[in-house]
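Dear colleague,

Please find below the structure I promised to hand over. My notes on it follow directly after.

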Amino acid sequence: MVEVYAFPEFLVDTAWVAEHAKDSHVRIVESDEDALLYEIGHIPGAVKVDWFTMLQDPVRRDFITGPEFAQMCSNLGISNDTTVVFYGDKSNWFATYALWLFDYYGHEHLRIMNGGRAKWEQENRPLVKEVPFYAKTSYTAQEPDQTIRAFRDDVMAHIRVGKPLVDVRSPKEYSGELIHMPNYPQEGATRGGHIPGAQNIPWAQATNESDSTFKSAHDLQQLYQSRGITPDTDIIAYCRIGERSSHTWFVLKYLLGYPRVKNYDGSWTEWGNLVNAPIEK
Amino acid sequence: MNSVNASLPPALQSIIEDFQLSEGREKLELLLQYAEEMPPPPEWLQAKISEREAVPECMTPVFMQADVQDNQMHFYLDVPQSSPTVRGFATLLLKGLDGLSPEEILKIPNDFYLDMGLEQVLTHQRLNGISAILAHMKLLAMKVVTASS
């Protein structure tokens with residue numbers, strides 16, 4: 001059993017952020033599920049990345065392009081060599097989503113503030129409303145790293161050879177009892193259930209309820225390996241739209257060091273609507 | 001613009017117009033103002049909140065009660081501080097609907113918020129929070145109507 005995280009440098013704690021938030025080579029980024037949380041108060045010096053208005057293409061169902069990503073980083077005062085530290089609400093759910101996209105476009109120095117916004121608040125650390133402005137940088141996005149992103153054809157090929165998937169949704173979504181969240185038809189799917197062979201390991205099981213931090217390396221290894229999610233093969237994680245599964249992707253890839261983990265961002269809202277796609281209930 | 005607007009209650013109509021006049025990020029700032037203006041729940045409500053009978057349609061726990069005096073409905077709401085978007089929706093509905101009769105509340109179109117243009121800055125899923133709160137207000141209004149008929 002492992003006792004330490006594979007890449008501990010991907011995590012910083014709240015005390016580190018308090019000390020380094022305003023270092024010139026560090027940028028703190030808040031990414032939340034709630035679109036207004038940053039506005040009611042954020043870590044001094046932190047900028048906001050909203051997953052909906054900033055990371056998604058407004059027309060196609062896809063993320064912003066490389067040049068658009070580079071422009072966004074420039075506007076936020078992020079250079080290619082900046083250490084970017086993400087934090088957010090709901091146990092860093094959307095913080096890991098933003099980190100995943102930064103990783104996709106090849107940003108090198110990425111961190112998650114362990115415990116996220118909840119832990120920062122628990123410790124009564126300061127939150128401010130002042131929005132900082134940083135000088136624009138010149139930023140170059142790298143070619144997208146397709147080794148961390150799965151498209152539906154990748155998933156088809158993956159299940160054909162019986163490789164493991166992690167379905168990180170709630171048990172009721174996995175079983176098909178809930179086709180979509182009540183009253184949320186626009187982001188739902190016409191069919192319920194899960195991708196054949198997927199193991200149901202809800203994403204939040206990787207975190208401690210008391211302070212939203214990640215569980216220990218030992219506990220995480222136990223959680224995933226006991227369900228057949230092992231490092232010696234290709235793994236695909238998915239949820240409903242790919243945000244919760246980016247949390248599990250982060251845990252598997254950087255805390256447990258699994259070499260080949262992809263996030264399927266099309267997730268159930270694509271699979272559950274695909275004509276002729278195999279579904280298990 | 002929607003022709004249905006002509007029949008909206010004046011307070012709600014004026015809120016919608018404020019949102020129409022603001023653009024992009026200003027719409028979020030306006031919503032934030034509503035979130036910050038949410039009245040604290042009265043003491044009797046706080047006692048009930050411990051029982052936490054949340055509106056089941058919302059991912060964010062929304063606690064709502066209503067009373068009726070002289071055929072005017074008054075709503076009392078509590079939404080966690082950590083969910084300012086939902087607090088904004090709730091306060092906006094509270095201000096737009098306060099003092100209306102149950103019948104008037106039942107007539108409000110479920111998609112009234114589409115005219116506010118919030119889909120530019122919020123996902124459909126977040127916007128559905130607003131219809132879930134309205135739906136629950138209508139449910140409470142319906143109970144009053146049914147009880148008095």
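The domain bounds used here come from an automatic or database domain assignment. On that basis, chain A of this predicted model is divided into domain 1 (8–144) and domain 2 (147–271). The centres of these two domains, taken over C-alpha atoms, are separated by 23 Å.

Within chain A, 19 residues of domain 1 are in contact with 16 residues of domain 2. On the domain 1 side, α4 (89–104) and α5 (116–122) of chain A each supply at least two residues, and α4(A) gives the most, with 10 residues. By class, this side of domain 1 of chain A has 10 nonpolar, seven polar and two charged residues.

Strand β2 (residues 26–30) of chain A is largely enclosed by the rest of the structure, because four of its five residues are buried. With strand β4 (residues 83–87) of chain A, β2(A) pairs in the parallel sense over five bridges; A:Val26 stands opposite A:Thr83 there. β2(A) also runs parallel to strand β3 (residues 47–48) of chain A, to which two bridges join it. In that pairing, A:Glu30 stands opposite A:Lys48.

As to the two chains, 19 residues of chain B are in contact with 14 residues of chain A. Helices α2 (25–36), α4 (84–97) and α6 (124–148) of chain B each supply at least two residues of the side that touches chain A. The most comes from α6(B), with six residues. Eight nonpolar, nine polar and two charged residues make up this side of chain B.

With kind regards

How values were computed: Residues are numbered from 1 along each chain as its sequence is written. Chains are lettered from A and ligands numbered from 1 in the order in which they are written. This is a predicted model: local features need pLDDT of at least 70, side-chain atom pairs count only at pLDDT 80 or more; totals for chains, interfaces and linings use all residues. Two residues are in contact if their C-beta atoms, placed from the backbone, lie within 7 Å. Ala, Val, Leu, Ile, Met, Phe, Trp, Tyr, Cys and Pro count as nonpolar, Asp, Glu, Lys and Arg as charged, and the others, Gly among them, as polar. A residue is buried if 20 or more other C-beta atoms lie within 10 Å of its own, exposed if 12 or fewer, and partly exposed in between; C-beta atoms are placed from the backbone. Two strands pair if DSSP finds at least two bridges between them.
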